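Please examine the sequence and the structure shown here before reading on.

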Amino acid sequence: MKVFGEHHEMFRATVRAFVEREVMPHVEAWEAAGRIPKTIWPRMGELGFLGIEYDEKYGGAGADLFTTAVLHEECARSRSGSFAMAVGVHTDMASPHLYWTGSEPLKEKYLPAICRGEKLCAIAVTEPGGGSDVAAIRTRATRDGAHYVLNGSKMFITNGALADLYFVAARVEAGETTRRHRGISMFLVERETPGFGVSRTLAKTGMLASDTAELSFQDARVPAENLLGREGVGFYEVMRVFQRERLVAGLHAVAMSERALEDTMAYVRERQAFGGPLSEKQTVRHKLADLATLIEAGRWLTYAACQAYAGGDDAVREVSMAKLFTAEMANRVAYDCVQLHGGYGYMREYAIERFARDVRLFTIGGGTSEIMKEIIAKELDL
Ligand SMILES: Cc1cc2nc3c(=O)[nH]c(=O)nc-3n(C[C@H](O)[C@H](O)[C@H](O)COP(=O)(O)OP(=O)(O)OC[C@H]3O[C@@H](n4cnc5c(N)ncnc54)[C@H](O)[C@@H]3O)c2cc1C
């Protein structure tokens, strides 16, 4: 089955060249610094990578979902989960809130800068008290004349320390438990907003080059026109954008696993034990055959979900299955590939070690595996 056309492959060559020349040589320095330099964003904007499906009138490229898929696959092949994640958050997890539900003046004001990479985006839904139960968020937005006043905090926010624009979920009517879902709205918050602050940058297991932050809102006054869509539709918008986030997560998991498998195959061909290369041992060959099969299954589940989604279906079942399967798959690939590297697989100097730490996030971020199973069970009418 053919998924990509000639134009996608041309675009792939452009992204791959960029990643090989301008990302991969710097990955270790970025991991050590705990951040990706902001200069990468205008460069990616210049190359047309940051508004792929957005209308050209806002600086986008008006391309299709599979062009977006190419971008994320190639970013994930960089051997830096952090880089892929930072890009995915900007392009497909945060800014769609503006593109899909922002007013025309708001889109005209911010989208061109987002597409040029002059304004970096973050999505702030999770709170210290919980992430899976989105309807339980407690950050509060109170209308006060021409503003909403935000109070609360957000946890684990990717691009959180460095972003310029934050897409923030807040409860407009505080304390109402009966309107759990319908009490939530999305706001666009500028970094410079008085009362908004980055409380701390969080130290993590993996994804080290990606800055992850806790955010605080203390009487942060946000212009009323920065409400995205109508009051009360925020929960549904978060769920809508989650679909896209989960597709991107699937694409990342597959492309990162494929790269890890390639690296492992190169390693076992070189590594000698008991008078010959590891690649000649039958159990090693079978393990790699199993992993290759698993990755192929993940790839086609993800492409099928992309196709259903691009065709206009809600695709909740397909997307959730792809997210669940590929997240678990990547962790199986990580476990086996580290094992095949022996002691070197446990050393920082080998990319497989970083891969194993990075993909641990996949069963947690963007909806945990347990939450995916809950959604799938519901889709099965259980
Ligand atoms: C590195 C990193 C980056 C992140 N980036 C962002 C970001 O940019 N923006 C953002 O908003 N969030 C972000 N997150 C948050 C992420 O989406 C949440 O961590 C995730 O949704 C889980 O929420 P939680 O951590 O509060 O866990 P909890 O919701 O407390 O869950 C804890 C455990 O309980 C399980 N559980 C919960 N409910 C059920 C249930 N009903 N049935 C069975 N099991 C259940 C979960 O599956 C999990 O295993 C990020 C997280 C990390 C670690």
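## Basis of the report

The structure is a predicted model.

## Salt bridges within a helix

Side chains of opposite charge can pair when their charged atoms come close. In this structure there are 26 salt bridges. One of them joins Glu9 to Arg12, with 3.0 Å between the closest N and O atoms. Both residues belong to helix α1 (residues 6-23), and because they are three residues apart there, about one helical turn separates them. Glu9 is partly exposed, at 37% relative accessibility. Arg12 is buried, since its relative accessibility is 12% and the cut-off for buried is under 20%.

A further salt bridge pairs Glu296 with Arg299, where the closest N and O atoms are 3.2 Å apart. These two residues are three residues apart in helix α9 (residues 282-310), and so about one helical turn lies between them. Glu296 is partly exposed, with a relative accessible area of 36%, while Arg299 is buried, with a value of 13%. Glu296 and Arg299 also take part in a network of salt bridges, whose other members are Arg77, Glu258, Arg259 and Glu262.

Which residue forms a salt bridge with Arg79? The partner is Asp263, and the closest N and O atoms of the pair are 2.7 Å apart. Arg79 is located in the loop between α4 (65-76) and α5 (81-94), whereas Asp263 is located in helix α8; the pair therefore ties together parts that are 184 residues apart in sequence. Arg79 is partly exposed, its relative accessible area being 29%. Asp263 counts as buried, at 19% relative accessibility.

Is Glu237 buried or exposed? Glu237 lies in helix α8 (residues 234-270) and is buried, because its relative accessible area is 12% and buried means under 20%. When neighbours within four places in sequence are left aside, Glu237 is in contact with His97 and Thr101.

Glu108 is part of helix α7 (residues 104-116). This residue is exposed because its relative accessibility is 51%, and the cut-off for exposed is over 50%. Between Glu108 and Thr212 there are 104 residues of separation in sequence, and their C-alpha atoms are 28 Å apart in space.

Note on methods: Residues are numbered from 1 along each chain as its sequence is written. This is a predicted model: local features need pLDDT of at least 70, side-chain atom pairs count only at pLDDT 80 or more; totals for chains, interfaces and linings use all residues. Side-chain values use heavy atoms; hydrogens and water are left out. Helices (H or I, at least four residues) and strands (E, at least two) are DSSP runs, numbered from the N terminus. Buried means under 20% relative accessible area, exposed over 50%, partly exposed in between (1.4 Å probe, protein chains only). Contact means heavy atoms within 4.5 Å. A salt bridge is a side-chain nitrogen of Lys or Arg within 4 Å of a carboxyl oxygen of Asp or Glu.
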